[in-house]
Structures are given as C-alpha cells and as structure tokens.
Amino acid sequence: MDEHKMRKVVVLSLASTLLAILFFIFGRTISKGNILLDLVYYILSIVLMLISVLALYNNNKIQSHKIFRYLMLVNVLFMALLTFYMVNNHFAVLPLHLYPSSSRFTYLVLF
C-alpha cells in the first residue's frame with residue numbers, strides 16, 4: 001500500500017470519528033433529555049464509528065500498520081464512552097443532582 005493511500009485511510013477514519021462525535025454532541029444538545037432523540041443520534045454515531053473500524057480493519061488485513069490498530073482502539077474506546085454516557089444518563093438510578101450530596105465521591109460510592 002503506498003503512503004498516499006494509507007494517509008487517505010487514516011484521514012478519512014479520523015474524519016468519520018470526528019463526525020460521529022459531533023453528531024452525538026449535536027443530538028445531545030438539541031434533545032434536552034429526550035431518550036428517543038438521544039437514541040437516534042447515538043445509533044448514528046455508533047454506526048459511523050463501526051464503519052470507520054471496519055475500513056481500518058480491512059486495510060490492516062491488506063498491509064499491517066500500527067496506526068490502523070491504534071485508530072481501531074481509539075474508535076472502540078469512543079464507542080464505549082458514548083455507550084457509558086447513554087446508559088449513565090438515561091438508565092442510572094438517580095442523576096447526580098438528585099443525590100443529597102453533590103460531591104462526585106458520594107456519587108461513585110452510591111453507584
């Protein structure tokens with residue numbers, strides 16, 4: 001694989017990841033806690049990140065580079081972070097501001 005094609009794959013993967021995160025942030029901003037709208041933007045973001053991971057995986061099979069594996073790991077970590085945010089925001093027992101003490105330590109102990 002020539003360097004130009006590898007650079008193109010890396011740039012497109014990073015652009016896809018950035019676009020997915022911006023979609024999620026935009027959806028979170030306009031939803032104001034509506035779970036259905038949050039879910040639409042969550043699914044859109046996860047699909048974009050999965051497409052990025054699959055493109056990196058296919059290019060890694062053709063010619064193995066550490067940058068492809070690193071970017072796959074970054075995308076998986078972002079997917080885990082978005083999933084944690086959705087679960088914590090919509091399916092947690094109580095949001096942080098409803099606990100008697102607003103300290104983060106108390107929230108971690110109670111959670």
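This is a predicted model: local features need pLDDT of at least 70, side-chain atom pairs count only at pLDDT 80 or more; totals for chains, interfaces and linings use all residues.
Colour by secondary structure next. The chain has four helices and zero strands. Follow the sequence along and the pattern reads α-α-α-α. Now consider contacts between residues at least 6 apart in sequence: 62% of them join residues at least 24 apart.

**Stop 1: helix α1**

Select residues 3–31, which make up helix α1. How many residues does α1 have, and how far does α1 reach? Helix α1 has 29 residues and spans 42 Å from its first C-alpha to its last. That is close to the 42 Å expected at 1.5 Å a residue.

Now highlight the buried residues of α1. They are Val 9, Val 10, Ser 13, Ser 16, Thr 17, Ala 20, Ile 21, Phe 24, Gly 27 and Ser 31. What do they pack against? The buried residues of α1 pack against α2 and α3.

Step just past the end of α1 and click Lys 32. Lys 32 takes a positive phi of about 50 degrees here.

**Stop 2: Thr 17**

Go back into α1 and zoom in on Thr 17. Is Thr 17 buried or exposed? Its relative accessibility is 6%, and buried means under 20%, so Thr 17 counts as buried. Show its surroundings, leaving aside neighbours within four places in sequence. Thr 17 is then in contact with Met 49, Ser 52, Asn 75 and Phe 78.

Two of the next stops show where these partners sit. Helix α2 covers residues 35–62, and helix α3 covers residues 66–90.

**Stop 3: α1 with α2**

Select α1 and α2 together. Their axes come within 8 Å and cross at roughly 170 degrees. Angles over 145 degrees count as roughly antiparallel, so α1 is roughly antiparallel to α2. Colour the residues of this contact by class. They divide into 15 nonpolar, eight polar and three charged.

**Stop 4: α2 with α3**

Helices α2 and α3 pack at an angle of about 165 degrees, with their axes 9 Å apart. That angle makes α2 roughly antiparallel to α3. Which hand does the crossing of α2 and α3 have, left or right? The crossing is left-handed. Colour this contact by class too. The contact of α2 with α3 has 16 nonpolar, seven polar and two charged residues.

Conventions:
Residues are numbered from 1 along each chain as its sequence is written. Side-chain values use heavy atoms; hydrogens and water are left out. Helices (H or I, at least four residues) and strands (E, at least two) are DSSP runs, numbered from the N terminus. Buried means under 20% relative accessible area, exposed over 50%, partly exposed in between (1.4 Å probe, protein chains only). Contact means heavy atoms within 4.5 Å. Axes are lines fitted to C-alpha atoms, for helices over the stretch in contact, and angles run from 0 to 180 degrees between N-to-C directions. Angles under 35 degrees count as roughly parallel, over 145 as roughly antiparallel, 65 to 115 as roughly perpendicular and the rest as oblique. A crossing is left-handed if the near helix is turned anticlockwise from the far one by less than a right angle, and right-handed if clockwise. Ala, Val, Leu, Ile, Met, Phe, Trp, Tyr, Cys and Pro count as nonpolar, Asp, Glu, Lys and Arg as charged, and the others, Gly among them, as polar. The expected span of a helix is 1.5 Å times one less than its number of residues.
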